[in-house]
Amino acid sequence: VQLQASGGGLVQAGGSLRVSCVASVGAFSTYNMGWFRQAPGKEREFVAGVNWSGGWTSYADSVKGRFTISRDNTKKTVYLQMNSLKSDDTAVYYCAAQFVSDWGAVVSRTWSDYGTWGQGTLVTVSS
């Protein structure tokens, strides 16, 4: 599987941005999907995740209520809608795929559980 992220850019604090990630894979619905981010000088951190069906989501406390993750399995795409952006949200955002053989598999918050990563898209929030 290959992942291609896009949609990053420069936005003012308080603004909104949507990043997308398209997967080149035969069976997209066999993957839970996650978004992680890494700011300069900081470790990569979990942002949001969605299970294979789109029916279950998970968010980091820092983005809960502001960000929304969703997926469209017919388009093999996962989205991250980011609202009320803050300067602390500035980072490279990566999408990642977690293969699941069990339909009940929990969406992981641990980056090492994801086997495939996109190239990242830079989001810069100006204050």
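Q: Is F36 buried or exposed?
A: Let's start with the cut-offs: buried is under 20% relative accessible area, exposed is over 50%, and partly exposed is in between (1.4 Å probe, protein chains only). F36 comes in at 1% relative accessibility, so F36 counts as buried.

A quick note on the source: this is a predicted model, where local features need pLDDT of at least 70, side-chain atom pairs count only at pLDDT 80 or more, and totals for chains, interfaces and linings use all residues. Residues are numbered from 1 along each chain as its sequence is written, and side-chain values use heavy atoms, with hydrogens and water left out.

Q: What kind of aromatic pair do F36 and Y114 form?
A: Rings of Phe, Tyr and Trp (its six-membered ring) pair if their centres lie within 6.5 Å; planes under 30 degrees apart are stacked, over 60 edge-to-face, and the rest tilted. Here the centres are 5.1 Å apart with 75 degrees between the planes, so by those cut-offs the pair is edge-to-face.

Q: How many residues apart in sequence are the parts that the F36 and Y114 pair ties together?
A: F36 lies in strand 4, and Y114 in the loop between strand 9 and strand 10 (116-117). Strands here are DSSP runs (E, at least two residues), numbered from the N terminus. The pair therefore ties together parts separated by 78 residues.

Q: Is Y114 buried or exposed?
A: Y114 has a relative accessible area of 4%, so Y114 is buried.

Q: Which residue lies over the face of Y94?
A: A charge sits over a ring if NZ of Lys or CZ of Arg is within 6 Å of the ring centre and within 35 degrees of the ring normal. For Y94, the residue at 4.1 Å from the ring centre is R44.

Methods
Helix = DSSP H or I, 4+ residues; strand = E, 2+ residues; numbered from the N terminus.
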